[in-house]
Amino acid sequence: METLEQIKSRLEAALPSAKIEILANECAAGERSLLVDAASGFAVAKFLRDDAQLMLDYCSNVTGVDWPDKELTEKIKVKQVVDGVEKEVEEVKKTLRPGCLEVVFHLYSMTLKHGPVVLRMRTENRADKTHLPSLTPLWRGAEFQEREIYDLYGVIFDGHPDLRRILMWDGFEGYPMRKDYVAPDDYEYEPTPHDEVLEAAKKCYPAEPKVEVKP
Amino acid sequence: MLSGRAESGGEAVIAAQKPFEVTPKLDESGTPIGELLEISMGPHHPSTHGVFRMDVTLDGETVVKLKPVFGYLHRNHEKIGENISYLATMPYTDRLDYFCSMTNNWAYALTIEKLAGLAVPERAEYIRVIMAELTRLQNHTSLIGFFVQDMGALGTPMMYAFREREKILDLFEEVSGARMMCNYMRFGGVRVDVSDAWLAQTKKIVGDYGKFLDEFEVFLNENEILLARTQGVAPISKEQAINASITGPLLRAAGVNYDLRKVDKYGIYSRFEFKVPLGETGDLYDRYMVRVLEMRESIKILNQALAGIPAGPIMDAKAKLRGFRPKAGEVYGRIESPKGELGFYVISDGGPSPYRYRIRPPSYINLTTLEDMCLGRKVADVIVILGSVDIVLGEVDR
């Protein structure tokens with residue numbers, strides 16, 4: 001198979017408007033990935049599927065990843081004048097990496113038996129702009145997996161034929177796979193008529209004996 | 001009007017195959033005569049192989065719409081995996097596809113080995129192959145038992161299948177301590193060594209397995225009811241199967257030669273001689289037959305592995321189980337489990353538990369085209385079609 005750089009240059013020639021970036025992978029055995037902007041994600045995926053040299057006809061795995069806002073700290077040396085003498089002082093510089101939701105596609109070719117090409121797309125933020133193009137029209141195998149990401153992460157896939165919750169029940173609120181999700185204290189509790197009966201029954205019981213505590 | 005899959009984006013979706021045209025009887029004004037009946041098959045239905053529901057709309061006995069409903073066994077396995085250590089996830093993987101805990105263990109161990117760069121000793125590789133192929137044997141055997149039971153052959157064939165399965169589960173129990181929840185593999189090897197007596201016993205059981213299959217095939221292959229219920233039912237084309245990410249015996253029944261044991265050659269599969277059985281049309285009979293032939297190939301692999309297993313250590317000396325913190329990075333590892341491509345995707349941030357832990361469950365994704373296969377068929381066929389997909393709800397719902 002071609003290297004990721006070759007694929008990237010061919011993609012850029014075919015789709016000049018696409019913003020493509022190769023992401024490094026610190027794990028040597030793992031694959032690097034192509035980060036594509038959401039607007040041209042569909043066109044890039046279509047190119048990868050239909051290109052005669054790649055023929056990535058099999059979308060194996062679709063995954064969501066949650067990246068919350070993160071404060072990155074960096075130590076930099078700054079020159080400062082202290083008591084009339086110029087000195088180098090270390091300062092901690094804080095930058096905020098804005099959070100996003102990421103969707104990862106692992107693409108293989110069944111015809112040519114090669115792969116994977118890892119394709120990633122990121123949403124603008126984690127709150128209100130969580131739209132990404134659905135690749136289900138290209139690979140139907142992504143249908144349930146995209147529904148699952150919508151269910152557990154809250155990514156909205158535009159162009160998905162049937163975007164509903166799949167593992168959680170309808171009417172569930174929140175996205176449980178997000179890193180900042182907090183489960184309610186007690187899922188099992190629901191008020192029942194039984195509670196009222198118990199409350200009423202308490203009146204009939206003798207009062208609890210007071211125990212005197214000796215000092 | 002009644003088609004299950006409505007317009008979907010307009011792009012080149014491979015058209016749903018409909019074995020028969022659905023033609024509800026209409027009156028002059030074009031409205032269907034009689035009512036469409038909407039029924040809920042499952043979640044507690046003996047043929048759904050667990051708690052699985054299908055919302056089926058029927059025109060008489062004919063299926064006009066079918067929507068699978070998941071989640072009854074959902075416990076957010078992936079979230080649990082992200083909050084516990086790498087090693088603690090291993091026993092949880094047993095519960096995914098509880099028929100094939102050995103292959104689940106292997107897929108997870110393989111992924112983490114790739115992430116941390118661990119080697120696996122020769123003997124452990126052989127043991128893994130033996131365990132995986134025994135798993136394939138017992139999974140396919142019991143599946144065929146269930147499959148014919150779904151067609152109405154109550155009891156007898158399934159008991160025959162379970163008798164054989166039990167022999168293999170006894171082998172698992174002897175070596176790992178548990179029949180089904182084996183928790184047997186570790187990053188960089190396996191947990192317990194197998195004894196010579198165990199190997200001899202395995203050889204005997206594998207040697208006898210061919211006879212059992214002969215018997216099974218005599219009873220089933222040309223059985224009139226099996227032929228009538230499976231031949232030509234719910235075929236899938238090659239293109240449709242690939243596009244819908246179908247893997248495993250289902251894919252090979254459609255005629256696509258894609259077996260990860262041959263494609264990825266993970267472990268030591270490149271050393272063994274075996275063939276990949278392929279079907280022609282992808283109908284239920286092909287799916288049945290591919291599984292039977294796969295068992296024959298598994299026996300071949302087992303015989304080679306049992307003959308060639310060397311002595312030596314079973315764990316990589318560098319492997320560290322407690323306080324295991326792989327370097328940052330991400331990997332996707334996959335193996336050919338009996339149900340299809342079982343993949344694990346792990347992102348590590350250098351901490352004691354994975355940042356992201358994801359499973360690619362084969363039987364969940366194989367259900368994508370369930371509706372297409374069932375449209376236009378009778379209700380009784382739905383049960384057999386679902387049986388042929390081979391699902392385990394522990395894996396589907398996770």
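How many bridges join β3(A) to strand β6 of chain A, and in which direction do the two strands run? Nine bridges join β3(A) to β6(A), which spans residues 100-109, and the pair runs antiparallel. Strands are DSSP runs of E with at least two residues, helices are runs of H or I with at least four, and both are numbered from the N terminus. Two strands pair if DSSP finds at least two bridges between them.

The model is predicted: local features need pLDDT of at least 70, side-chain atom pairs count only at pLDDT 80 or more, and totals for chains, interfaces and linings use all residues. Residues are numbered from 1 along each chain as its sequence is written, while chains are lettered from A and ligands numbered from 1 in the order in which they are written.

## The two chains

The table sets out values for each chain. The radius of gyration is taken over C-alpha atoms, and the globule rule is 2.2 Å times the number of residues to the power 0.38. A residue is buried if 20 or more other C-beta atoms lie within 10 Å of its own, exposed if 12 or fewer, and partly exposed in between, with C-beta atoms placed from the backbone. Two residues are in contact if their C-beta atoms, also placed from the backbone, lie within 7 Å.

| Chain | Radius of gyration | Buried residues | C-alpha extent along principal axes |
|---|---|---|---|
| Chain A | 27 Å | 34% of 215 residues | about 85 × 70 × 30 Å |
| Chain B | 22 Å | 50% of 398 residues | roughly 80 × 50 × 35 Å |

For chain A, a compact globule of 215 residues would have a radius of gyration near 17 Å, but the chain has 27 Å. For chain B, the value of 22 Å is close to the 21 Å given by the globule rule for 398 residues, so the chain is as compact as a globular protein of that length.

Chain A contains four helices and nine strands, in the order α-β-β-α-β-β-β-β-β-β-α-β-α from the N terminus. Chain B has 15 helices and eight strands.

Five strands of chain A make an open sheet in the order β1-β2-β7-β6-β3, with mixed pairing. Its edge strands are β1(A), residues 20-23, and β3(A), residues 58-67, each of which pairs on one side only. Direction ignored, neighbouring strands are turned by 25° against each other on average. Axes are lines fitted to C-alpha atoms, for helices over the stretch in contact, and angles run from 0 to 180 degrees between N-to-C directions. Within the antiparallel pair of β3(A) and β6(A), the bridge partner of Trp67(A) is Cys100(A) in β6(A).

Two helices lie across strands of this chain. Helix α2(A), residues 41-50, lies across β2 (33-36), β6 and β7 (114-122) of chain A, and runs at about 175° to β7(A). Helix α3(A), residues 142-153, lies across β3 and β6 of chain A, at about 10° to β3(A).

## The contact between the chains

Chain A contributes 33 residues to the contact and chain B contributes 39 residues. On the side of chain A that touches chain B, β3 and α3 of chain A each supply at least two residues. Of these elements, β3(A) gives the most, with six residues.

## The sheet and helices of chain B

An open sheet of three strands in chain B has the order β6-β7-β8, with antiparallel pairing. The edge strands, β6(B) at 329-337 and β8(B) at 356-360, each pair on one side only. Neighbouring strands of this sheet are turned by 10° against each other on average, direction ignored. Helix α3(B) packs on the sheet and touches β6 and β7 of chain B, its direction making about 150° with that of β6(B).

Nine bridges join β6(B) to β7(B), and these two strands form a hairpin with two residues between them. Val331(B) stands opposite Val346(B) in β7(B). Five bridges join β7(B), residues 340-348, to β8(B); there, the bridge partner of Tyr345(B) is Arg358(B). Nine of the nine residues of β7(B) are buried, so this strand is largely enclosed by the rest of the structure.

Helix α3(B), residues 101-116, also packs against helix α4(B), residues 122-150, at an angle of about 135° with the axes 8 Å apart. The two helices are therefore oblique to each other; angles under 35 degrees count as roughly parallel, over 145 as roughly antiparallel, 65 to 115 as roughly perpendicular and the rest as oblique. Met102(B), Thr103(B) and Trp106(B) in α3(B) meet Arg128(B), Met131(B), Ala132(B) and Thr135(B) in α4(B).
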